[in-house]
Amino acid sequence: MDRSWEHRSACKGIDPVIFYPATDEDAETAKAVCAVCPVQVDCLEYAIANREHEGIWGGHTEKERQRIIRRRRRERAMKKAAQVNSSSVTAVADSASGDQPGVLSATATR
Ligand code: SF4
């Protein structure tokens, strides 16, 4: 995956240790750096796409990245369900209007 964004990062030259805090509560220093980073979104998306399990990426802890992944999964599932429901409604509407070939031919034979 493309990491060309790294050369513009706000953490360039900063001790990487701050991005691997012992607890999430100790992540504030790293998050403060990320908050002004011009490549925060690229960094976060890289970490999510590559399932980075350690450290602060894009201003988010591992737990926060997991929450984003779960939310996106739910949103995709809801979107897919909405598309299926929409297709079902269209099929029912077509059937009710007689647009289905089977319905038309059945009507034509009467
Ligand atoms: S978002 Fe944070 S960890 Fe990512 S490149 Fe920027 S400063 Fe570094």
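The model is predicted, so local features need pLDDT of at least 70, side-chain atom pairs count only at pLDDT 80 or more, and totals for chains, interfaces and linings use all residues. Residues are numbered from 1 along each chain as its sequence is written.

**Exercise 1.** Find which residues come nearest to the ligand.

*Solution.* Helices here are DSSP runs of H or I with at least four residues, numbered from the N terminus.

**Exercise 2.** List the residues of the largest nonpolar core.

*Solution.* Such a core joins buried Ala, Val, Leu, Ile, Met, Phe, Trp, Tyr and Cys residues through C-beta atoms within 7 Å. Buried means 20 or more other C-beta atoms within 10 Å of a residue's own, exposed means 12 or fewer, and partly exposed lies in between, with C-beta atoms placed from the backbone. The 9 members are Ala-27, Ala-30, Cys-34, Val-39, Cys-43, Leu-44, Ala-47, Ile-56 and Trp-57. Now sort by helix: H1 and H2 each supply at least two, and the largest share, 3 residues, comes from H2.

**Exercise 3.** Work out where Arg-51 sits and whether Arg-51 is buried or exposed.

*Solution.* Arg-51 lies in the loop between H2 and helix H3 (62–97). Because Arg-51 has 10 C-beta neighbours inside 10 Å, Arg-51 counts as exposed. Finally, check the backbone: Arg-51 has a positive phi of about 50°, although it is not a glycine.

Technical notes
Near = placed C-beta within 6 Å.
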